[in-house]
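Hello,

Here is the structure for you to look over. My notes follow below it.

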Amino acid sequence: MLLILFLSAFLVFEEVAALHVSNLNETCLRCLCHVAGCDLGHSCTDGYCGPFYISRVYWVDAGKPTLPEDSPERKEAYEDCARDFYCSMKIVEGYMAKFGKDCNEDGVTDCFDYMMINHHGSTCSEPLHLTPLGRRRLRLFQQCRLTN
């Protein structure tokens with residue numbers, strides 16, 4: 001009986017650990033990284049770390065993912081995960097699982113919506129073309145989608 005409880009708990013943990021976010025696939029993650037600059041050598045500057053330029057608040061909102069064998073309570077856990085390409089993808093997945101929605105109200109939550117969420121946060125309905133940074137991100141996103 002104890003073995004069955006342990007196996008059940010393990011399977012539930014495995015389900016939670018392997019998030020599935022609709023339409024957030026490898027191509028979309030590559031484009032989100034491209035829009036953020038995708039500098040694989042970027043350490044941390046001005047409160048943003050890694051290829052996706054992730055902030056500590058974003059990491060916390062994403063559920064504080066960490067590298068294997070690490071603890072979210074360790075002081076450098078955020079920086080180490082955000083600087084690692086694969087761990088930073090887990091951060092983006094966690095954030096999108098929490099805040100993902102149809103930002104442009106076209107009836108589907110897709111990579112464009114995720115890019116808008118990365119730009120605006122969870123209040124993502126404002127068009128991107130209204131600011132220079134938004135226009136730049138829109139252009140980079142469109143370039144990436146054309147080449148992928």
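**Notes on the model**

Gly94 is buried, at 7% relative accessibility. This glycine sits in helix α5. Its C-alpha lies 7.9 Å from the C-alpha of Asp61, although 33 residues of chain separate Gly94 and Asp61. Please keep in mind throughout that the model is predicted.

**Confidence**

The mean pLDDT is 86 for the protein, and 86% of the residues reach 70 or more. Helix α1, residues 2-17, has the lowest confidence, with a mean of 33. The highest is in α4, at 97. Over residues 1-17 pLDDT stays under 50. The model gives that stretch 0 contacts beyond four places in sequence.

**Layout**

The protein has 7 helices and 3 strands. Along the sequence they run α-α-β-β-β-α-α-α-α-α. Of the 148 residues, 34% count as buried. Take the contacts with a separation of 6 or more: 48% of them join residues 24 or more positions apart.

**The core**

The largest nonpolar core holds 37 residues. Which of them touch the most other members? They are Leu32, Ile54 and Met96. Six helices each supply at least two residues of this core: α2 (26-36), α3 (56-61), α4 (77-83), α5 (85-99), α6 (111-120) and α7 (132-147). The largest share comes from α5, with 7 residues.

Ile54 is worth a look on screen. Setting aside neighbours within four places in sequence, Ile54 is in contact with Gly47, Tyr48 and Cys49, and also with Trp59, Tyr78 and Ala82. Ser88, Ile91 and Val92 complete that list.

What does Phe99 touch, not counting residues up to four places away in sequence? The answer is Asp61, Ile117 and Ser122. The C-alpha atoms of Phe99 and Gly121 are 8.0 Å apart, with the two residues 22 positions apart along the chain.

**Helix α6**

α6 is mostly covered, with 7 of its 10 residues buried. The buried ones are Cys111, Asp113, Tyr114, Met115, Met116, Ile117 and His119. Against which helices do they pack? Their partners are α2, α5 and α7. Ile117, buried in α6, is one of the residues touched by Phe99.

**The largest pocket**

The volume of the largest pocket is about 490 Å³. Its lining counts 23 residues. Those nearest the centre are Tyr48, Phe52, Tyr53, Asn118 and Arg137. By class, the lining has 14 nonpolar, 5 polar and 4 charged residues. At least two lining residues come from each of α2, β3 (54-55), α3, α5, α6 and α7. α6 gives the most, with 4.

**Two backbone points to check**

Most residues other than glycine have a negative phi. Two residues here are worth checking on that count.

- Asp46 has a positive phi, near 50 degrees. It lies in the loop between β1 (44-45) and β2 (48-49). Is Asp46 buried or exposed? At 77% relative accessibility, Asp46 counts as exposed.
- Tyr53 also has a positive phi, near 50 degrees. Its place is the loop between β2 and β3. Tyr53 is partly exposed, with a relative accessible area of 30%.

**Where to start**

I would open the view on Ile54, one of the core residues that touch the most other members. Then go to α6, which is mostly covered and gives the most to the pocket lining. Leave residues 1-17 until the end, where pLDDT stays under 50.

Best wishes

Terms used. Residues numbered from 1 in each chain as written. Predicted model: local features only at pLDDT ≥ 70, side-chain atom pairs only at ≥ 80, totals over all residues. Heavy atoms only, no water. Core = buried A, V, L, I, M, F, W, Y, C linked by side-chain atoms within 4.5 Å. Buried < 20%, exposed > 50% of the residue type's maximum accessible area, 1.4 Å probe, protein only. Contact = heavy atoms within 4.5 Å. 1 Å grid on protein atoms, 1.4 Å probe; cavity = no way out; pocket = protein on both sides within 12 Å on 5 of 7 lines; lining within 4 Å. Points joined across faces, edges and corners; volume = space filled by probe spheres on them. Nonpolar A, V, L, I, M, F, W, Y, C, P; charged D, E, K, R; others polar. pLDDT = per-residue confidence, 0-100.
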